[in-house]
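Subject: Structure handover and notes

Hello,

Here is the structure I promised you. Please open it before you read on, and keep it on screen.

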Amino acid sequence: MAIGFRILPRNRKVAPDAVTRFRALPVANVSDSMARMTAGGARLRPMHAGGGLAGPALTVKARPGDNLMIHKAIALAEPGDVIVVDAGGDLTNALMGDLMLAQMVRRGLGGVVLNGAIRDSAAIRGQGFPVFAAGVTHRGPYKDGPGEINVPIAIDGMVIEPGDLILGDDDGLLCVPFDAVEAVHAAASQKAAAEARQMANIEAGTHDASWVDATLRRLGCDGLA
């Protein structure tokens with residue numbers, strides 16, 4: 001099988017009930033529960049009107065500025081899927097605009113992540129379908145390939161396997177590996193509950209910040225009261 005032009009099967013993907021459960025959690029809480037070691041990079045930002053992203057990844061590796069295999073991925077994607085595209089982060093040519101967006105909405109997809117640029121940004125910004133990208137340009141894409149579907153990809157060091165869970169909100173993007181979904185959800189739920197208790201204490205004026213001075217003493221800080 002030739003590297004560069006290939007479409008592989010996706011043999012597993014995270015279950016819909018897991019996607020639903022993660023929607024209630026901030027990406028920051030999930031990230032903290034994964035030792036803060038994984039992120040999709042600060043450049044990938046939400047380009048839509050607002051709302052979170054959650055769903056199983058259908059991965060695409062594309063040549064920078066070329067969207068041939070993204071079109072094929074739209075045709076292959078199942079409802080709820082998130083198309084995740086590694087196009088090298090190049091912003092010279094847009095990878096999609098409002099026409100491709102309309103196709104994704106029509107097919108009931110869960111969102112799209114582009115390590116590259118979009119165009120028709122006003123139309124994308126005016127609606128709620130989750131679109132995360134690295135930038136905007138008016139220059140259109142090429143449609144010649146090469147490209148690969150359902151292969152492992154990496155964005156800013158974050159490895160995404162086909163079927164992994166992709167999460168996104170205003171703080172950025174995160175991939176939860178398929179085999180870690182349940183353990184990460186349990187830890188992130190505990191983190192969210194702990195932060196809710198902490199916020200309640202702050203609002204009630206009972207927040208305990210004694211750990212700050214304790215840490216400074218341990219580090220040998222001078223001038224503590």
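Below is what I found, from the whole chain down to single residues.

Overall picture

This is a predicted model. The chain has 225 residues, and 43% of them count as buried. Its secondary structure comes to 7 helices and 12 strands. Along the principal axes, the C-alpha atoms fill a box of roughly 65 × 35 × 35 Å. Take the contacts between residues at least 6 apart in sequence: 76% of these join residues at least 24 apart.

Start with β3, residues 53-62. Of its 10 residues, 9 are buried, so the strand is largely enclosed by the rest of the structure.

- β3 with β4: parallel, over 5 bridges. Here Val60 stands opposite Val85.
- β3 with β11 (residues 165-169): antiparallel, over 4 bridges. Leu53 has Gly168 as its bridge partner.
- β3 with β8 (residues 147-149): antiparallel, over 3 bridges. Ala62 stands opposite Gly147.

There is also a β-α-β unit. It is made by β3, α3 and β4, and it is right-handed.

The core

In soluble globular proteins, nonpolar side chains tend to be buried together. In this model, the largest nonpolar core has 26 residues. Val60, Ile83, Val85, Met96 and Leu114 have the most contacts inside it. Elements that give two or more residues to the core are β3, α3, β4, β5, α4, β6 and β7. Which of them gives the largest share? It is α3, with 4 residues.

Beyond its neighbours within four places in sequence, Leu114 is in contact with Leu44, Ile70, Val85, Leu95, Met96, Phe132, Ala133 and Ala134.

Helix α3

In α3, the buried residues are Met69, Ile70, Ala73 and Ile74. Seen down the helix axis, they fall within an arc of 150°, so they line one face. An α-helix has 3.6 residues a turn, so residues three or four places apart point the same way.

Leu68 is also in α3. Leu68 is partly exposed, with a relative accessible area of 31%. Leu68 and Asp144 are 76 residues apart in sequence, yet their C-alpha atoms are 6.1 Å apart. Setting aside neighbours within four places in sequence, Leu68 is in contact with Phe5, Tyr142, Lys143, Asp144 and Gly145.

Helix α4

Helix α4 covers residues 98-106, and Met100, Leu101 and Met104 are buried in it. They cover an arc of only 105° around the axis, which puts them on the same side of α4. Leu99 and Arg106 are on the other side, and they are exposed. What covers the buried residues? The cover includes α3, β4, β5, β6, α5 and β7. Just after the helix, Gly108 takes a positive phi of about 75°.

Asn29 in helix α2

Asn29 lies in α2, residues 27-33. Is Asn29 buried or exposed? At 3% relative accessibility, Asn29 counts as buried; the cut-off for buried is under 20%. The side chains of Asn29 and Glu195 are joined by a polar contact of 3.2 Å. Not counting residues up to four places away in sequence, Asn29 touches Ala188, Lys191, Ala192 and Glu195.

Backbone points to check

- Pro146: the peptide bond from Gly145 to Pro146 is cis, with omega near 0°. Pro146 sits in the loop between β7 and β8.
- Ala35: phi is positive, about 65°, although Ala35 is not a glycine. Ala35 is in the loop between α2 and β2. At 55% relative accessibility, Ala35 counts as exposed.
- Asn150: phi is near 60°, again positive in a residue other than glycine. Asn150 lies in the loop between β8 and β9. At 9% relative accessibility, Asn150 counts as buried.

Best wishes

Methods:
Residues numbered from 1 in each chain as written. Predicted model: local features only at pLDDT ≥ 70, side-chain atom pairs only at ≥ 80, totals over all residues. Heavy atoms only, no water. Buried < 20%, exposed > 50% of the residue type's maximum accessible area, 1.4 Å probe, protein only. Arc of directions from axis to C-beta. Contact = heavy atoms within 4.5 Å. Polar contact = N/O pair within 3.5 Å; in protein donor to acceptor, adjacent residues only side chain to side chain. Core = buried A, V, L, I, M, F, W, Y, C linked by side-chain atoms within 4.5 Å. Pairing = 2+ DSSP bridges. Right-handed = clockwise from strand over helix to strand, strands pointing away.
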